[in-house]
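The following explanation is intended for a reader who meets this structure for the first time. Please keep the sequence and the model in view while reading.

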Amino acid sequence: MTAAIPAQAPAGDPQSAAPTAVPLLEVSGLTKHFPIGGGLLRRKAGAVQAVDDVSFSVGAGESFGLVGESGCGKSTTGRLVARLLEPSGGTIRYDGRDITHASRRQLAPLRSQIQVVFQDPYSSLNPRHTVGTIISGPMKVNGIDPPGGHRKRVQELLEIVGLNPEHYNRFPHEFSGGQRQRIGIARALAVEPRLVVADEPVSALDVSIQAQVVNLLKELQRDLGIAFVFIAHDLAVVRHFCERVAVMYLGKVVEVADRASLYTNPHHPYTHALLSAVPGERGADGARRPRVRLTGDLPSPANPPSGCRFRTRCPKAQAVCAEQEPPLVRLGAAPAPDVACHFPAPPDPTAAAGPVAAVPAGAAAP
Amino acid sequence: MTAVQSTKKNMADAARGNGAAADPAPAEPLLDVADLKVRFRTEDGIVKAVDGLTFRLERGRTLGIVGESGSGKSVTNLALLGLHNPARSTIEGRARFDGIDLIGAPERRLRDLRGRRLSMIFQDPLTALSPYYTIGEQIAETYRRHTKADRKAARARAVEMLDRVGIPQAARRIRDYPHQFSGGMRQRAMIAMALVCEPDLLIADEPTTALDVTVQAQILDLLGELQRDLGTAIILVTHDLGVVEDVADDVLVMYAGRAVEYGSTAEVLDTPQHPYTWGLLSSMPRLDGDVDEPLRPVPGSPPSLLNPPSGCAFHPRCGHAVELCRTERPVLARPALAPGSGDAVPWPGNGVSACHLDTATREGATA
C-alpha cells in the first residue's frame with residue numbers, strides 16, 4: 001500500500017534525536033490554567049492547572065510521544081502546541097519562531113505546517129461533506145493549488161493512506177472507523193505538514209485496525225520526514241511509534257527519555273507504575289513483572305499536592321517531596337533520561353516495601 | 001482451597017472439548033451454552049449477531065471472551081441475561097445456568113435470577129449508574145429486592161460492600177452521587193452493586209476498557225480477590241488480549257458471531273491455532289517487541305453480519321484460505337495430530353478451533 005511512496009531520505013536522522021541545532025518545535029515552561037467558577041458576577045475561584053511548566057523539544061522528522069493517564073494534560077499540551085488553545089505561560093517556538101501568542105494572521109502561514117489528527121474518527125469529520133471536500137478543505141483554506149488540481153491531489157492522498165481513490169465522492173458514514181481515521185490522516189497530509197500532532201489517533205480502533213493505522217503512520221513518518229507529537233495512553237503503541245517519550249502526571253512532565261532507556265530502564269516511580277500495570281506483559285523468564293500498585297486516585301488538578309505532585313501516591317515519598325518540587329533534570333550524560341524526582345532510580349524488585357507491595361500479578365488472577 | 005481449585009481445574013479441563021455433546025461431562029457445569037443464536041430484525045435484513053455459540057463455565061473460573069467490535073461478545077451476554085428486546089430479536093439454542101434454562105425463561109424468573117445469582121458490570125459505569133440516586137441507595141436496592149432485608153440492614157450491607165471494593169470512608173461515601181466518584185471508583189461501586197448478593201456468575205463486559213492502565217490493574221486485582229473469596233465464576237468480555245492473559249483461565253475467541261477458537265488461556269495464547277487469533281496476537285504491539293518490525297495486522301475489516309461470507313466467515317481476510325474455506329463452514333474441533341509428530345501422535349491439548357487448515361500448515365504459518 002504505502003510501499004508506493006518513494007523512499008526518500010528521512011528529513012530527520014533518528015539518531016540525532018537529542019536536537020543539536022534549532023529543533024523544529026521547542027516548548028519551554030509551557031503552562032495552561034483553566035479558570036474555575038466565573039459565573040456572571042462571581043470572582044474566579046481558582047484554576048485547573050492542566051499543564052504546568054512543561055518543556056520539551058521535537059526535532060525535524062522526529063516522533064515524540066506524550067504518555068500519561070487521563071487528566072495528565074497530554075491532550076492539552078498537544079492543543080497548545082498546535083495553538084488551538086492560548087497558553088497561560090511559557091513559550092512555544094516553531095522552527096525558531098516564537099508562536100506562543102501569535103495572532104491568527106501571524107499563524108496563518110504556519111497552519112499548513114502544523115496539522116492535527118484527532119482521536120474520534122466519527123466526530124472529527126463533517127458528515128455532510130464528501131471525502132473529497134474534507135481532504136481538499138485544508139488546501140483551499142491555505143490557498144494551496146496543487147498541480148493537476150484538487151481532485152487529483154485528493155486521489156493521490158487517498159492512495160497514500162490506503163483508501164480507494166475512486167471513493168473521493170463518498171461520505172464519511174460509508175466508511176468504517178479505521179477508514180475514517182485514514183481520511184483524517186489524509187486531511188492532515190494534504191498541506192504537506194512538517195509537524196503532526198496526533199492525539200490518541202488509534203485509541204478508538206479495534207486492535208487489528210489499530211495495527212494497520214500505526215503501520216501507516218510509521219511509514220508516513222519515515223517516508224515523508226514528518227515530525228510527530230504522538231499523544232496516547234497505550235504504552236506499547238507509543239513505544240512502537242516514538243523515538244523519544246515524555247511521561248506526564250497531573251500537568252507535569254515527570255520523565256523524558258529515548259525509547260530504549262524509558263522502557264527498559266525507567267527512573268521515575270510513576271513510570272515504573274505505568275509500565276508494570278500494562279496487562280499481559282511478561283519478563284524474559286515468562287513470569288509476570290512485579291506490579292507496582294498505585295493506591296488512591298489522581299488528585300484534583302485544581303488543587304495539586306505541594307512539592308512533587310506524585311508524592312501522594314508514590315511508594316518512595318519522603319518529607320522532602322512535600323516541601324520541594326523536584327525539577328526535571330538530566331541524569332548524567334547525553335542518552336540519560338530527564339527525570340523530575342528526588343529519588344530517581346531504576347526499578348528494584350527487591351526494594352518493595354511500605355505502602356506499595358510488589359506483587360506478582362499472577363497472584364491476582366484466580 | 002487449593003485442592004478444591006485444582007479439582008475444579010481438572011474437571012473443567014475434562015469438560016472442555018468438542019462442544020457440549022461430545023464429552024460426557026462428569027457434572028453439569030455452572031453455565032452450559034449450546035448452539036446459541038441471536039438474530040436481530042433490522043430494516044436492511046436479519047443480522048446474525050451470534051451464530052451457533054457453544055461454551056461452558058465452571059464455578060469459580062474465569063472465561064475470557066475476546067473479539068473485535070461487532071463480533072457478538074456483548075450480544076451473547078445480554079442474551080444470557082434475557083436483556084434483548086423480544087420484539088426485535090430471536091434467540092435460539094440452549095443456555096443452562098445451574099440446571100435452569102435461561103433462554104425462553106419467563107421474565108419473572110429472570111428477574112429473580114438477575115442481581116442475585118447472575119450479575120453484570122458494564123463498560124461505562126457513568127451510564128450504568130443512575131445519576132438521581134446515591135451510590136448507597138443503588139447498592140441497597142438490589143439487596144433489598146432479593147433478600148427482603150430492611151432499609152437499615154441493606155444500608156449496612158451497602159457500606160460493607162463499598163468498603164470491600166476498596167472505597168475509603170465507605171460509610172460516608174454511600175451518600176454520594178455517581179458524579180462525585182472518579183471513573184475507577186464508579187467501576188468499584190458497580191462491582192459492589194453486582195456482587196452485593198454474592199452471585200454465582202458475574203458477567204463483566206469490558207469492565208476496564210474506559211479506565212486508565214493503573215486503575216485497570218487495581219480493578220482486575222479486585223475482581224480476582226473477590227472471586228477467590230466468593231467463588232464467583234466470571235465471564236470477562238474484552239478486546240485486550242493482555243487482560244485475558246493476566247486474568248482468564250479459559251479463552252473464547254469470537255469472530256463474526258462465531259467461536260473461532262476456544263481453550264485454556266495458555267493454549268490459546270501460546271499455541272494459537274486459528275489464523276484470526278494469530279492476527280490478533282501479531283497486531284498487538286508489545287513492550288518487548290521489535291520496534292523496527294512493522295506490526296502485522298489482519299488485513300481488511302470485519303464483514304457485515306447482514307450478509308456474512310460463505311463458509312468460514314474469516315476467509316476473505318485470511319492469508320491461508322483455500323477453496324474449502326469458501327464453501328464449507330468449519331466446526332470447532334481439535335487439530336488431529338500433535339505438532340511435529342508427523343503422524344500417529346494425537347493432538348495433546350484440549351483447545352478447539354474452527355479452521356480447515358491441517359496441523360502441518362498451521363505449524364508452518366506460526367513458525
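**The interface and the helix pairs**

Across the interface of chain A and chain B, the rule finds 0 salt bridges. The model under discussion is a predicted one. Chain A contributes 41 residues to the contact, and chain B contributes 45 residues. Between them, the two chains bury about 3700 Å², and 50% of this area lies on carbon and sulfur atoms.

Salt bridges do occur in the model: over all chains, the structure holds 34 of them. One of the pairs that meet in a salt bridge is formed by the side chains of B:Arg59 and B:Asp200, with a distance of 3.6 Å from N to O. This pair links distant parts of the chain, for its two residues are 141 residues apart. B:Arg59 lies in the loop between strand S2 (45-57) and strand S3 (62-66) of chain B, while B:Asp200 is found in the loop between H9 and strand S7 (201-205) of chain B.

Helix H9 of chain B also takes part in a helix packing. How are helix H6 (residues 135-147) of chain B and helix H9 (residues 183-195) of chain B arranged? Their axes are 8 Å apart and the helices pack at an angle of about 20 degrees. Angles under 35 degrees count as roughly parallel, and H6(B) and H9(B) are therefore roughly parallel to each other. The crossing of H6(B) and H9(B) is right-handed. On the side of H6(B), the contact is made by B:Ile135, B:Gln138, B:Ile139 and B:Thr142; on the side of H9(B), by B:Ala189, B:Ala192 and B:Met193. Classed by type, the contact of H6(B) with H9(B) has 5 nonpolar residues, 2 polar residues and no charged residues.

Helix H5 (residues 177-189) of chain A packs with helix H6 (residues 207-224) of chain A at an angle of about 15 degrees, and their axes are 10 Å apart. That angle makes H5(A) roughly parallel to H6(A). The crossing of H5(A) and H6(A) is right-handed. From H5(A), the residues A:Gly178, A:Gln181, A:Arg182, A:Ile185 and A:Leu189 take part. They meet A:Ile209, A:Gln212, A:Val213, A:Leu216, A:Leu217, A:Leu220 and A:Leu224 in H6(A). The residues of the contact of H5(A) with H6(A) divide into 8 nonpolar, 3 polar and 1 charged.

How values were computed
Residues numbered from 1 in each chain as written. Chains lettered and ligands numbered in written order. Predicted model: local features only at pLDDT ≥ 70, side-chain atom pairs only at ≥ 80, totals over all residues. Heavy atoms only, no water. Axes fitted to C-alpha atoms, helices over the stretch in contact; angles between N-to-C directions. Helix = DSSP H or I, 4+ residues; strand = E, 2+ residues; numbered from the N terminus. Parallel < 35°, antiparallel > 145°, perpendicular 65-115°, else oblique. Left-handed = near helix turned anticlockwise from the far one by under 90°. Contact = heavy atoms within 4.5 Å. Nonpolar A, V, L, I, M, F, W, Y, C, P; charged D, E, K, R; others polar. Buried area = accessible area lost by both parts, 1.4 Å probe. Salt bridge = Lys/Arg side-chain N within 4 Å of Asp/Glu carboxyl O.
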